[in-house]
There are 2 protein chains.
Amino acid sequence: MKITADEIQVSQVKIQDAFWSEIQGKVTDIVIPFQERVLKDQVPGVEKSHAIENFRIAAGLKEGEFYGMVFQDSDVAKWLEGAAYALSVKPDAALEERADEIIEIIEKAQQPDGYLDTYFIVKEPEHRWQNLHECHELYCAGHMMEAAAAYVEATGKDRLLRVTERLADHIISRFGPEEGKEHGFPGHQEVEVGLMKLYHVTGKEKYKDMARYFLEERGKNPDYFYQEKVKRGWQHWGQYSLDKPDVAYNQAHQTIYEQKEAVGHAVRALYMYTAMADLAGTDGDRRLYQACRTLWDNIVNCKLYITGGIGGNPEGESFSNNYELPNDMAYAETCASIAMVFFAHRMLETEADGVYADIMEKELYNSTISGMQLDGKRYFYVNPLESEPGVSGKLFGYGHSLPQRPGWYACACCPPNLVRLVASLGKYCWSESDTTVYSHLMIGQRAELDQADITLETAYPWEGSAVYRVTPKREERFTLAIHIPYYVDFWQEEAVLTINGEAVDPGRLLKKGYVYLERQWKAGDVVELRFPMEVRKVYANQHVRENAGCVALLRGPVVYCFEGADNQGLLQSLRIPREMKAWAHLCEDGILKGNVLIDVEGYRMTGGGELYSEKPPVKEKALLRAIPYYAWANRGENQMRVWLLEEG
Amino acid sequence: MKITADEIQVSQVKIQDAFWSEIQGKVTDIVIPFQERVLKDQVPGVEKSHAIENFRIAAGLKEGEFYGMVFQDSDVAKWLEGAAYALSVKPDAALEERADEIIEIIEKAQQPDGYLDTYFIVKEPEHRWQNLHECHELYCAGHMMEAAAAYVEATGKDRLLRVTERLADHIISRFGPEEGKEHGFPGHQEVEVGLMKLYHVTGKEKYKDMARYFLEERGKNPDYFYQEKVKRGWQHWGQYSLDKPDVAYNQAHQTIYEQKEAVGHAVRALYMYTAMADLAGTDGDRRLYQACRTLWDNIVNCKLYITGGIGGNPEGESFSNNYELPNDMAYAETCASIAMVFFAHRMLETEADGVYADIMEKELYNSTISGMQLDGKRYFYVNPLESEPGVSGKLFGYGHSLPQRPGWYACACCPPNLVRLVASLGKYCWSESDTTVYSHLMIGQRAELDQADITLETAYPWEGSAVYRVTPKREERFTLAIHIPYYVDFWQEEAVLTINGEAVDPGRLLKKGYVYLERQWKAGDVVELRFPMEVRKVYANQHVRENAGCVALLRGPVVYCFEGADNQGLLQSLRIPREMKAWAHLCEDGILKGNVLIDVEGYRMTGGGELYSEKPPVKEKALLRAIPYYAWANRGENQMRVWLLEEG
């Protein structure tokens, strides 16, 4: 079932893309150095991190106390992972040297038995592994494993890999199905992802087995966290109580095979699904793949914002009820959308179904990068679909939904997560099996794959065109399978696919969102894909209360929104006509330069000053302007809406 | 400026009305006895009250500890006030005897210096009057004064009145502008209302002066509560901190003359406005009246739900921003709507402007009585305009917004407040000046006024008809001024006003919502008012985000809502046509028997199962049914909406 034996490595792909190169550049040139200085407590005015300092203290290199969240170590791991990808994208000897120094400190902090978590090493050595529910030891371990895998791939240096192997071995010695071992599993999933990456890099089955153990042990005993609490007889945070925790929050209420609905903390859920999908593909485990697909379908059919946002409920940063998708109160954490990319990517490596690539694209062009200000300097954790000055970030129910991106947070999860996603973007572009090269994303690049070198030129997401130039590496025939976005309709005359200038009939070759082009490829072969980029009006399911009567505008993969700045305020009084005339045009100056904007011939409803009146509002023609959603809140605080009412 | 010298007394009016008699009956026969048993801790399964017991302990009649809220005493006061009105409505010797017994206990609990508050008498005698900000001593005193005024009116017995006079004198000895007195004011306004009532009953200027002092001292020093905290050096609840409290919550941020916007805790605000309006009218104080009018206008033009709900923000049960009127997250406390009746009533006694009577009517027929289940046994504190099973009362942001009326609360403010309103309904029907009798409400009754006995027969609010039969008591000419609801249009042929069968031209006689009929009234004179009762479609101001594109249905003063029970669910998919056909019809069976329901030829939008689709939803004809808002949530948990989308 798995379509690719090995993951694509970041270094195989050189992104050269009008849209993404700039974003990658911000990440490597602005965010990674900034983040490093934050971790080293060198940025005045930013909340103290102390994350590297914690490692120094644990390593005995410094005197001092632990400071920060119990999962502060993961900030260092995520930074290292991002820096590793950045080194793959753009070699930087000085950065590599600084990373090596940090790895050396980490190695020194590791305990003789392999244990590694600075909170417990420094602060509560007697309480190790007693609170899997809340204490994130396995979570931090997982992130360190991901960093190690990325770092060895990028640099060939295996020092961190050896640290995490010792850590993984320590974990294996302590947890597992065998008698005498603790039958536990983490309160925040992530170690499963890390163990799978350790397996992919080392080929050692024990790490994959341990990932499977943690996944399959989960939910077998839904009272595990409660029993753990009773057993330890003390409490980390808050008052000691013997209340049973709500373990649906941790996806520990049922086994992974019993879970049919995406519930609880969205990032926890998605990291788990990602590991499940990876394991399913790696082992060719159809039952596990089906469990993933059931959860995938629930998200995509009932719990996904049009922007790709997931986990709409601020309470517990969690999935809400099916179809409960409030716009102004949305949580839709940047990290959750990033994790949805991970999940989609792993599903895609298991089965080449365009729905995974479509959602991956939706996340990439919308609710992931909306997390970063256009200048790369400030970040949203929460990505609402409606924002109202004086309400958002202020009133009851809206405290989390900031109208402007703030700076660095004490809980610095989203920016480093965005860094590692964007820096490793190349990974998500391709999969390869023995006979087929799959192109998942239309992102301009030079790719060095096993079967061919392929360059891809494209003006995506602004134009529907992509040119693939293929240079095969071997004599054998192979298939180039290109993902065709779900909204492309080859029945339209304007949508064409050519090989060396000759049209091919894609209908015959299209299967589950991919056109399969099998041939004896020759150097210089050119595949060209062209399709019209129309403004699409999208309606939500009738079960979605918040979007009743409304439409959202999309063009290609890009979701649009309306801001007060362009529309003289009162966005709720604007109407999109049923028969809509809309124009897309390139913005040529200002902060939005380079983005395609949409102008719509619409209406504005106007009325009197009374609060309530029997007089119907009057409909006036108005030119409305929409901008890409990801670029909202870059022009000062103002109203924003993705969904506008439609006027019949 | 004041249009009436003395308030109407409850005993002057005998309600005989198809709509209200039943509700009054529930209050006197079900709620008052139930509440008495709660106060006496005789109802199993209901949260312990201990309120009477606290008085017994304070009186030295029992050993024990204080239990309950710091304002637990007010529950007894509110019950006594309600019971007094009930005795006016329907004499009941046994009830009166039990009330007398309670009053005797209260008298015994009073301290030699006049102090009366069981929390401090029993629990913290050394801390009296040190925390006006949070401790409700003046609040409880105010309610006791209201009870005393009602009780002496109902029974002629002045024992409680004498208790509260001693209490008021104690307060006057302690607070005031004079040197050596504390220049304080209450954290929860109410004593101002009580002092005004004490003045009206006793005629003693000192009580009115003290009311004015508390009103005018307020906000002069916005740091008063902060300084009080610093001075006492201890904290009642929570951690001791030297943060300055947000005194806009208590309307203590500015003087009453500087306040232009209704802000903070809605009930606190409205009790204050009520006392301000009473004082303005009583003293003929135009400046103060204008201050009231400014606040009134802000509420009515920017902060009032169509149902009459006010204080939409659950955080602090407070007023939100102008036009910020969320439906499903609304707080709209029953008590706040009741207090809005008090405010409207006092404004009406000061100036006969129909806008006050219209809003009083809106409150009475909608968001006050929506607080009580149709059987009188369960109560809403929160009155949302949209309710969603699985969301309301459950999810983040909706915890307060219950989908079903629960039973008695620990903080038992709303049910007793509703009792005292409904039991004293007669008070709100009339005002009298030397020359004019004002009829504010069309409620069937026999009224014994100074200038005439008047019977009123009406099928209001279901039909637009009222017959006044006048029996003058004196020879002099006088004016009968009848409030004409704002939606009645005498330009329509069907709207007529007759005296003894002869049509009069109301246009000439209509001033600010009242027709003024001046004549030499003779026994048997009949004034008849008839107007059509049409279903009215109402739009909200374009600034109200939540109601964009929506309409609400009203008929007479009654606001309607749609429930899932009548409309096969998915209320958000229903549409009211721009050109609406609607029929009103009397419900003849079931729990809604006697209510007029509305059927509308509308639409239901249907679509596919996809979460998002480019396919527009399909419009299907559907017969929609609306029921009076106040009667919602009497048929099990189901969806409810006041505002439905309009389809052009």
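Here are some questions and answers on how features of this predicted model get their labels.

This is a predicted model, in which local features need pLDDT of at least 70 and side-chain atom pairs count only at pLDDT 80 or more, while totals for chains, interfaces and linings use all residues. Residues are numbered from 1 along each chain as its sequence is written, chains are lettered from A and ligands numbered from 1 in the order in which they are written, and side-chain values use heavy atoms, with hydrogens and water left out.

Q: What makes the surface through which the copies meet the same one?
A: Contact here means heavy atoms within 4.5 Å. Of the interface residues of chain A, 100% are also interface residues in chain B, so the copies meet through the same surface.

Q: Why are β3 and β11 of chain B said to stand at the edges?
A: Start with the terms: helices (H or I, at least four residues) and strands (E, at least two) are DSSP runs numbered from the N terminus, and two strands pair if DSSP finds at least two bridges between them. The open sheet has five strands in chain B, in the order β3-β4-β8-β12-β11, with mixed pairing. β3 (430-432) and β11 (510-511) each have a single partner strand, so one side of each is left without a neighbour in the sheet. As background, strands of a sheet pair through backbone hydrogen bonds, either parallel or antiparallel.

Q: How do you know that β11(B) is joined to β12 of chain B?
A: Two bridges join β11(B) to β12 (residues 514-519), and the strands run antiparallel. Pairing takes at least two bridges, so this passes. K511(B) has Y514(B) as its bridge partner in β12(B).

Q: What lies across β8 and β12 of chain B?
A: That's helix α14 (residues 354-368), running at about 50 degrees to β8 (478-483). Axes are lines fitted to C-alpha atoms, for helices over the stretch in contact, and angles run from 0 to 180 degrees between N-to-C directions.

Q: Which strands does β9 of chain B pair with, and over how many bridges?
A: β9 (residues 496-499) pairs with β13 (residues 525-530) in the antiparallel sense over four bridges, and with β10 (residues 502-503), also antiparallel, over two bridges. T498(B) stands opposite E528(B) in β13(B), while its bridge partner in β10(B) is A503(B). β9(B) and β10(B) form a hairpin with two residues between them, and N500(B) in the turn has a positive phi of about 50 degrees.

Q: Why is α13 of chain B called largely enclosed?
A: Buried means under 20% relative accessible area, exposed over 50%, partly exposed in between (1.4 Å probe, protein chains only). For α13(B), 17 of the 17 residues are buried, so the rest of the structure largely encloses this helix.

Q: What makes the span of α13(B) agree with expectation?
A: The expected span is 1.5 Å times one less than the number of residues. With 17 residues (334-350), α13(B) should span 24 Å, and its end C-alpha atoms are 25 Å apart, which agrees.

Q: Where is P485(A), and is it buried or exposed?
A: P485(A) is in the loop between β8 (478-483) and β9 (496-499) of chain A. At a relative accessible area of 1%, P485(A) is buried. Its contacts, leaving aside neighbours within four places in sequence, are D358(A), E361(A), M442(A), Y460(A) and F531(A).
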